[in-house]
Amino acid sequence: MSRRSIGDFGSQRIIAAVRRAEDLKAACASDLPVVFLLVGDLFTVQDYVRQVLDAGKKVFLHVDFINGLGNDPIIVKYLAEKVQPTGIISTKSHLIKHAKKQGLLTIQRMFLIDSAALDNGIANVQQSEPDAVEIMPGLLPRVIAEVSSRLQIPVIAGGLIHHHEEVEAALEAGAAAVSMGSRALWANDRVLTGTADTHVFTNSPIRQHTGVTLHR
């Protein structure tokens, strides 16, 4: 099984989550090496992805938020061949599986509203085998630690995080990075610390604080 590397999330270990088209330029101008794209439609998404790639960054397209794409797996083939993002984000296991077949990196999003959602989400992730998981909301250090211990892939924390202290709490709990839509935090040069290395997608055979195997 081959493994692919996304590189690292930089010293801040913050991912720019772009939810509005007017924020795209700021994300591209930031020092953050990874961008999550949660805006666009069938007509604009290729240009948005190209802007991020031309800025020298990795771009993950959240296909559940892109208008006009739908849930048909054929759309993943279209994205891989025509739009060519670094990878996709989705809550849907079948899209994750098809994206892997198309050679895209994959991040599966989990909404953790209660213990049942946690157990079901982990079961789904273990079945679809994405390259990373994003858990929401990201203000749950104990849950971040639990998910990190139960899954052999990087955990990204996202949602409802607005302050540096909250970012640091997520990283200390075991998150590889934190995704956030605050432009003010994208531009901040404060270096964050945590237990995980900034190089979170590596060729290490075992997930430790220093790296993780990519299942591809």
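Is Leu 160 buried or exposed? Leu 160 is exposed, with a relative accessible area of 55%, where exposed means over 50%, buried under 20% and partly exposed in between, calculated with a 1.4 Å probe on protein chains only.

The model shown is predicted: local features need pLDDT of at least 70 and side-chain atom pairs count only at pLDDT 80 or more, while totals for chains, interfaces and linings use all residues. Residues are numbered from 1 along each chain as its sequence is written, and side-chain values use heavy atoms, with hydrogens and water left out.

**Figure 1. Overview of the protein chain.** The protein chain has 8 helices and 8 strands; these are DSSP runs numbered from the N terminus, with helices (H or I) of at least four residues and strands (E) of at least two. Of its 216 residues, 52% count as buried. Among contacts between residues at least 6 apart in sequence, 58% join residues at least 24 apart, a contact being heavy atoms within 4.5 Å.

**Figure 2. Packing of helices H5 and H6.** Helix H5 spans residues 115-128 and helix H6 residues 141-150; the two pack at an angle of about 30 degrees, with their axes 11 Å apart. The angle makes H5 roughly parallel to H6. Axes are lines fitted to C-alpha atoms, for helices over the stretch in contact, and angles run from 0 to 180 degrees between N-to-C directions; angles under 35 degrees count as roughly parallel, over 145 as roughly antiparallel, 65 to 115 as roughly perpendicular and the rest as oblique. The crossing of H5 and H6 is right-handed, a term for a near helix turned clockwise from the far one by less than a right angle, with anticlockwise giving left-handed. On the H5 side the contact is made by Leu 118, Asp 119, Ile 122 and Gln 126, and on the H6 side by Val 143, Glu 146, Val 147 and Arg 150. By class, this contact has 4 nonpolar, 1 polar and 3 charged residues. Here Ala, Val, Leu, Ile, Met, Phe, Trp, Tyr, Cys and Pro count as nonpolar, Asp, Glu, Lys and Arg as charged, and the others, Gly among them, as polar.

Figure 3. Arg 150 forms a salt bridge with Asp 119, the closest N and O atoms being 3.2 Å apart. Arg 150 lies in helix H6 and Asp 119 in helix H5, so the pair ties together parts that are 31 residues apart in sequence. Both residues are partly exposed, Arg 150 at 33% relative accessibility and Asp 119 at 40%. A salt bridge is a side-chain nitrogen of Lys or Arg within 4 Å of a carboxyl oxygen of Asp or Glu.

**Figure 4. Further salt bridges.** A search of the whole structure finds 11 salt bridges. One of them joins the side chains of Asp 54 and Arg 50 (3.8 Å, N to O). These residues are 4 apart in helix H2 (residues 45-54), and are thus separated by about one helical turn. Asp 54 is exposed, with a relative accessible area of 58%, whereas Arg 50 is partly exposed at 37%. Another salt bridge pairs Lys 92 with Asp 64 (3.5 Å, N to O). Lys 92 lies in the loop between strand E4 (87-90) and helix H4 (93-101), and Asp 64 in the loop between strand E3 (58-62) and helix H3 (74-83), so the pair ties together parts that are 28 residues apart in sequence. A network of salt bridges links Arg 20, Glu 22, Asp 23 and Arg 183.

**Figure 5. Surroundings of Ile 89.** Ile 89 lies in strand E4 and counts as buried, at 0% relative accessibility. Ile 89 and Phe 60 are 29 residues apart in sequence and 6.3 Å apart in space, C-alpha to C-alpha. Leaving aside residues up to four places away in sequence, Ile 89 touches several residues, including Phe 36, Phe 60, Ile 107 and Glu 134.

Figure 6. Most residues other than glycine have a negative phi, and most peptide bonds are trans. A cis peptide bond joins Met 136 and Pro 137, with omega about -5 degrees. Pro 137 is found in the loop between strand E6 (132-136) and H6. Arg 13 has a positive phi, near 55 degrees, and is found in the segment before strand E1 (14-18). Arg 13 is buried, with a relative accessible area of 2%. Leu 160 has a positive phi, near 65 degrees, and lies in the loop between strand E7 (155-158) and helix H7 (164-172).
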